[in-house]
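Trainee: I would like to go through this structure and ask what stands behind each term. Please show it first.

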Amino acid sequence: MPVLRVALDLPLHRLFDYLSPAAGAADVGRRVKVPFGRGERIGVIVAVVDDSAWPVAQLKQAGEILAEPAPLPDDFFALCEFASNYYQAPFGEVVLQALPAGLKRLTPPERRAGRARKAPPALAQPALTAEQAAAIGKVTVDGGFSANLLFGVTGSGKTEVYLRLVEQVLALGRQVLLLVPEINLTPQLEERVRGRFPTREVVSLHSELAEAARERNWLAAFGGQAEIVLGTRLAVFTPMPRLGLIIVDEEHDPSFKQQDGMRYSARDVAVVRARQAAIPILLGSATPSLETWANAEGGRYGRLDLKARANPEARLPAVHVIDTRRLVLKEGVSAPLLAAIRERLARREQSLVFLNRRGYAPVLACPACGWVSRCQRCAANLVLHLADRRLRCHHCGFENGIPRACPTCGNQDIHPFGRGTQRVEEWLQGEFPEARILRVDRDAVKSRKQWEAVLERIHGGEADILVGTQMLAKGHDFPRLTLVGVLGADAALYAADWRAPERLFAQLMQVAGRAGRAELAGEVLIQTQYPDHPLFAALVAQDYPGFAAAQLKEREQAGFPPYAFQAVLRAEAPAMAEAIAFLEQAAALPVIGEHDQVMLYDPVPMKMARLANLERGQLLAESYSRPALQTFLPRWRAAIDGLKAGSKLRWHLEVDPLEL
Ligand code: ADP
Ligand code: ZN
Ligand code: ZN
């Protein structure tokens with residue numbers, strides 16, 4: 001009797017066998033209802049075989065095999081298999097996380113057809129600059145796998161390069177997958193893509209879509225009707241029968257990394273997918289990740305440069321550093337920055353004050369006894385939010401009212417310390433009562449609708465000063481914006497996290513790129529106590545290659561990625577001792593002795609040692625050889641699976657972690 005080998009969404013590294021008398025090879029890739037425990041589940045048939053490692057008498061009968069949609073194809077399974085092996089994630093979890101929620105329900109909800117879209121306004125395409133034309137000329141869309149880094153300064157017209165390549169691929173009758181870091185960026189890009197290809201079917205895939213819409217779009221991609229799929233990281237696994245090109249925009253962005261559940265890098269999976277599918281992939285950025293840059297420098301990726309802004313009128317902004325060591329700051333703002341904002345107001349131009357910290361102040365404290373507002377559940381302070389009068393934990397969501405007096409000593413004179421966007425906004429409003437100030441952070445802008453409204457206000461000239469976090473740094477064109485002031489950048493300069501400079505540089509380049517996008521020249525003023533820091537020198541010169549070379553040299557000397565390869569085992573338990581004890585057992589497993597190219601560090605508490613009432617420890621495994629690490633990991637993971645202590649706490653492995 002035929003036996004189905006079924007992938008289920010369970011944290012177990014195995015498939016499940018069921019009997020199915022009428023099943024045949026044509027059912028591979030179909031969904032099936034199977035009994036599991038006391039209930040029923042949806043699984044995916046990975047193979048139909050005629051024997052089982054289990055006694056046949058013990059196998060249960062599978063339920064209905066679902067005819068629709070068509071079976072998932074081999075290349076989908078091949079990609080899932082890669083991700084499962086590389087990231088040490090159970091195959092069933094990988095397969096099922098790639099499906100839209102509706103396809104995982106036993107009783108699918110009624111679905112109505114989607115609303116027809118009104119045709120977008122068609123866009124006139126611009127003549128290519130010489131640099132754009134050269135970049136496009138270097139990509140062969142029908143010549144098999146190639147990986148290229150499109151290294152272009154902000155405003156250099158990377159999107160135009162994407163669109164021209166998309167056009168070539170569509171002309172071949174193939175589909176395109178365009179990945180973007182965040183849904184915030186999709187509306188503008190979506191409009192541009194639809195406007196350029198008004199007769200083509202364009203769908204988006206991201207987490208803010210309603211379940212029905214996501215399923216519809218996923219099915220359109222899978223069915224081949226959708227010719228362009230615009231999505232965030234979760235879209236990378238979407239099966240597409242005629243995929244001809246993958247583009248990853250802002251490839252350096254940390255949001256391509258999934259930080260929970262199955263921890264994977266959508267950018268890296270995209271490169272593997274392109275290789276498996278024998279198609280080109282294009283990675284675009286003004287500040288590539290150092291991993292990608294090293295790949296380009298090493299010749300594994302091609303490099304296409306766009307050095308100038310596409311609009312000849314729009315020059316790159318001038319970047320200056322304000323040495324704050326001898327200046328008196330008012331609410332963190334220096335007189336030169338204030339004067340620059342005043343000038344913009346007089347000229348009816350826009351300014352942006354960038355501070356990557358939301359809330360009013362990062363902590364409320366009592367100067368008399370030293371009390372500070374701490375989260376009861378995390379190793380973190382509660383952030384003061386004056387707008388709605390709350391103290392809030394930015395890590396676990398815990399919140400509380402603001403005490404009238406110090407809870408420890410009763411002192412009524414408790415103060416906010418430090419500053420966030422709300423405080424800067426409030427103070428600037430006092431300085432410039434006539435100015436229209438718009439705060440843009442995750443408190444003020446929570447949904448895509450609000451985001452669209454904010455963008456409309458900015459574009460319509462309804463704001464004079466923007467105060468915002470990195471939300472404002474990405475991808476947007478603000479033609480009237482001519483000044484960017486940066487506050488609070490120093491914290492990242494000497495952070496313990498060795499990736500902090502890379503992130504800071506990218507963020508400041510991105511935010512600087514908002515200024516001077518149109519005919520009006522832009523200026524960027526960065527306040528710092530370390531005006532001589534090489535990172536600022538590189539920013540002033542807008543010299544990413546110089547910065548990257550210096551960083552890579554440091555990393556090579558220190559033996560950090562991309563010159564070493566890492567995986568981290570993390571454990572969470574009510575008490576740190578428990579977590580560390582488990583990690584110590586994992587570090588003492590005999591299998592480790594058989595892999596001398598892999599080094600294990602000592603188990604340590606994580607930087608955020610306590611989150612939502614759980615204490616967290618980690619154990620880093622490292623090797624100078626990726627294959628050596630990859631050979632070690634499945635064996636180590638299997639041995640850890642066998643540890644009794646592991647069943648009493650939560651643990652996971654993360655490969656290529658971005659944060660340690
Ligand atoms: P990037 O993605 O590199 O930041 P964009 O693709 O958004 O840059 O382009 C920046 C601006 O330049 C946009 O307003 C775009 O319409 C314009 N642009 C792009 N290519 C050209 C071109 N060849 N000629 C004129 N304008 C262009
Ligand atoms: Zn006190
Ligand atoms: Zn908390």
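**Terms and the values behind them**

Mentor: Start with Cys 406: leaving aside neighbours within four places in sequence, Cys 406 is in contact with Cys 366, Ala 368, Cys 369, Trp 371, Asn 411 and Ile 414. Contact here means that the C-beta atoms of two residues, placed from the backbone, lie within 7 Å. This is a predicted model, in which local features need pLDDT of at least 70 and side-chain atom pairs count only at pLDDT 80 or more, while totals for chains, interfaces and linings use all residues. Residues are numbered from 1 along each chain as its sequence is written, and chains are lettered from A and ligands numbered from 1 in the order in which they are written.

Trainee: Why is Cys 406 called partly exposed?

Mentor: A residue is buried if 20 or more other C-beta atoms, placed from the backbone, lie within 10 Å of its own, exposed if 12 or fewer, and partly exposed in between. Cys 406 has 19 other C-beta atoms within 10 Å, so Cys 406 is partly exposed. Cys 369 has 13 and is therefore partly exposed too.

Trainee: What makes Cys 366, Cys 369, Cys 406 and Cys 409 a group?

Mentor: UniProt, in an unreviewed entry, annotates them as "binding site"; such annotations may be inferred rather than shown by experiment, and the positions are given in the numbering used here, with feature names shortened. They span 44 residues in sequence, yet no two of their C-alpha atoms are more than 8.6 Å apart, so they gather at one spot. Cys 369 is in the loop between β16 and β17, and Cys 406 in the loop between β19 and β20 (415–417). Strands are DSSP runs of E with at least two residues, helices are runs of H or I with at least four, and both are numbered from the N terminus.

Trainee: Which other residues does UniProt give as "binding site"?

Mentor: The unreviewed entry also places that feature at Cys 375, Cys 378, Cys 393 and Cys 396. These span 22 residues in sequence, and no two of their C-alpha atoms are more than 8.8 Å apart, so they gather at one spot.

Trainee: How do you know whether Cys 378 is buried or exposed?

Mentor: Cys 378 has 21 C-beta neighbours inside 10 Å, so Cys 378 counts as buried. Cys 396, with 17 other C-beta atoms within 10 Å, is partly exposed. Beyond four places in sequence, the contacts of Cys 378 include Cys 393, Cys 396 and Met 608, and those of Cys 396 include Cys 375, Arg 377 and Leu 611.

Trainee: What makes β21 and β22 a pair?

Mentor: Two strands pair if DSSP finds at least two bridges between them. Strand β21 (residues 437–440) and strand β22 (residues 465–468) have four bridges, in the parallel sense. Leu 438 stands opposite Leu 466 in β22.

Trainee: Why are β5 and β6 said to stand at the edges?

Mentor: The open sheet of six strands has the order β5-β2-β1-β4-β3-β6, with mixed pairing. β5 (60–61) and β6 (65–66) each have a single partner strand, so one side of each is left without a neighbour in the sheet. Strand β3 (residues 31–36) runs antiparallel to β6, joined by two bridges; Val 32 has Ile 65 as its bridge partner in β6.
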